[in-house]
Amino acid sequence: MAAHHSRTVRDLRRENRTAVLRRLFFDGPMSRLSLAPATGLSSGSISNVVTELLTEGLVEEAGSVDSDGGRPRTLLRIAPRSGHLIGVDVGETRVRVELFDLSLAEQGRAERPLPTRGTARPDRYDSELIAGHIRDGITEVLNTARLTPGQILGVGIGTPGIIEHSEEDGAVVHCTPIGWEAVPLERMLRRPGHLPQQVPYFIENGAKTLGQAEMWFGAGRGARSAVVVLFGSGVGACVVTDDVEHGRAVEWGHLTVRVRGRRCRCGALGCLEAYAGAEALLERWQEAGGQPPPDTDEETALTAMLAGAYPPDGASPTAGAYPADGGAPDPVAAAVLDETAEYLGAGLSDLINLFQPERILVGGWAGLQLGSRFLESVRRHALSYALPYPSGRVGIDLGALGPDAVTVGAATLPLADFFARGGRRLPAPPVPEPAPGWRTSLGTRLV
């Protein structure tokens, strides 16, 4: 027989606190009267929970509104300074660390660039270097905001690859394209003298953190199902459906789009990422005769490629602009981008047929840089390759949150956990008992 698990009074109190905190976060400021129908709780439960949260400083008053013939109603909101969160984006061009308050307003940031295209960049990123960048970035933003490590509720990290959760090592990252095989990233970050042990780390695929940000605050709000695509140096996707509320990262970039095709960074042949990631896109442009500016990073090189392929209508070239011949259109760049749009469209059609989402949102630094003109071509190819029924019911648009979406989404991971615990901080781990025979201030401990 299945074991019967009943909720305790403590469980009910936690759930009630969670309901109030989430509603105030997404829809606040709100009055006690409006919180009751919004959360489904009784007025008595609302009164008890709000009193607790006000006493603890998690909630604060935020003015008042007139009522119908009665006294003005006091509005409540999450107290922004009652907690702080850190979001980290382990990208393929930089490591970005951002500090947020409890309203997810940015309080500080630090960036550490990674090796660029023009510096004979190794394919394998040093995991110790990345971990060091994260630790240094956390220290920098805390010092800037004059916070202590104990004031942090949690750290969320978006990183490339598949995340395995190990009881011994915490989050372990598997990412062949950057040479990470079973990298114990959480254990590497939990070195003594850094953050207190009770500060939780939440390490997830970067596409998932991007997806959560877009679903909470961006172009995915209100959708019951969506696919959020991260288009950067490589490509990935997060699938959000009714049964997977916070999304599931899928290695969409390693879907085979051409049998015995180009060699991908993962070692396989014909992956979508070998044709559609920004790194591969720039390589194909150069192989076809394009001339990226020398010694530049991927973002600058992609800007130059777009300037050559899509010069502004009627605009005269500016002095010193790329291309070197004075800004004339680059047919090679245009042809490579057109081919890339078809590959991406074919890849999106697979997502449409498999998951039948309401929306597909394209984000990531490269996706946003390519913009609406490129997306229109991608959309046309996607709809032509997909089945008629699901393709007629999907919208394909750019994400709404810009280049910081991964860090914002990463910060929502500890925030969601904090709310799920009813706004309770995790306790500090117990101090281990001295071993038998150790000398203490009270003398030798006897067994």
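Helices (H or I, at least four residues) and strands (E, at least two) are DSSP runs, numbered from the N terminus. Helix 13 is followed by Gly-422, which has a positive phi near 75°. This is a predicted model, in which local features need pLDDT of at least 70 and side-chain atom pairs count only at pLDDT 80 or more, while totals for chains, interfaces and linings use all residues. Residues are numbered from 1 along each chain as its sequence is written, and side-chain values use heavy atoms, with hydrogens and water left out.

Helix 13 itself covers residues 405-420, 16 residues in all, and spans 22 Å from its first C-alpha to its last. That is close to the expected 22 Å, where the expected span is 1.5 Å times one less than the number of residues. Of its 16 residues, 14 are buried, so helix 13 is largely enclosed by the rest of the structure. Buried means under 20% relative accessible area, with exposed over 50% and partly exposed in between (1.4 Å probe, protein chains only).

| Element | Residues |
|---|---|
| Helix 1 | 9-27 |
| Helix 6 | 206-217 |
| Helix 13 | 405-420 |
| Strand 6 | 106-113 |

Two strands pair if DSSP finds at least two bridges between them; strand 1 and strand 3 (residues 73-78) have two bridges. Ser-31 is opposite Leu-75 of strand 3.

Eight aromatic pairs are found in the whole structure. Phe-26 and Trp-216 form an edge-to-face pair, 5.0 Å centre to centre with 75° between the planes. Phe-26 belongs to helix 1 and Trp-216 to helix 6, so the pair ties together parts 190 residues apart in sequence. Rings of Phe, Tyr and Trp (its six-membered ring) pair if their centres lie within 6.5 Å; planes under 30 degrees apart count as stacked, over 60 as edge-to-face and the rest as tilted. Trp-216 is buried, at 8% relative accessible area. Both residues belong to an aromatic cluster that also includes Phe-418 and Phe-419.

Arg-112 is in strand 6. Beyond four places in sequence, its contacts (heavy atoms within 4.5 Å) include His-133, Asp-136 and Glu-140.
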